[in-house]
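Please have the sequence and the 3D view open as you read.

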Amino acid sequence: MIEHLIVRVKSRLGLEDTAYTSDDLRAFTLVGGKIYAHQRLQKHYTTYDLRREYDTLNPQSITNDVMVLADDSDESQMEISPFWYARIISFFHAKVKWNDE
């Protein structure tokens, strides 16, 4: 799980090389040493007509499949479909600290 989080943090920081090293493992800290699990996620957004709406995602529901825009930097994927399709299994969050010097 830590390796997955390191790759996500490096990607979010815009680092080109998202592969992790032993130095990355030492620089990465879970604040409080905890990863939190959640039963559902509520996503708030603004609609095209400027109304506030929300969606609730629940892994235990029969509608736990989602569709999101694909990464447009992968041109071969965009030729197949502009979307990624996924099934929600669970939700987690963690507070992390990155001490890259």
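Where is T47 found? T47 sits in the loop between strand 3 (41-46) and strand 4 (52-57). The model is predicted: local features need pLDDT of at least 70, side-chain atom pairs count only at pLDDT 80 or more, and totals for chains, interfaces and linings use all residues. Residues are numbered from 1 along each chain as its sequence is written, and side-chain values use heavy atoms, with hydrogens and water left out.

**The loop and its hairpin**
- T47 is buried, at a relative accessible area of 17% (buried means under 20%, with a 1.4 Å probe and protein chains only).
- Strands 3 and 4 run antiparallel, joined by six bridges (strands are DSSP runs of E, at least two residues). Pairing takes at least two DSSP bridges.
- T46 has R52 of strand 4 as its bridge partner.
- The hairpin has five residues between its strands, and L50 takes a positive phi near 65 degrees.

**The largest pocket**
- The largest pocket holds about 900 Å³ of space (an open set of points on a 1 Å grid, with protein on both sides within 12 Å along at least five of seven lines; lining residues have an atom within 4 Å of a point). The volume is the space filled by probe spheres set on the points.
- Its lining has 21 residues, and H4, L5, R8, R12 and F92 are the closest to its centre.
- Helix 1 gives the largest share of the lining, six residues (helices are DSSP runs of H or I, at least four residues).

Conventions. Buried means under 20% relative accessible area, exposed over 50%, partly exposed in between (1.4 Å probe, protein chains only). On a 1 Å grid over the protein atoms alone, a cavity is a set of points where a 1.4 Å probe fits but cannot get out, and a pocket is an open set with protein on both sides within 12 Å along at least five of seven lines; lining residues have an atom within 4 Å of a point.
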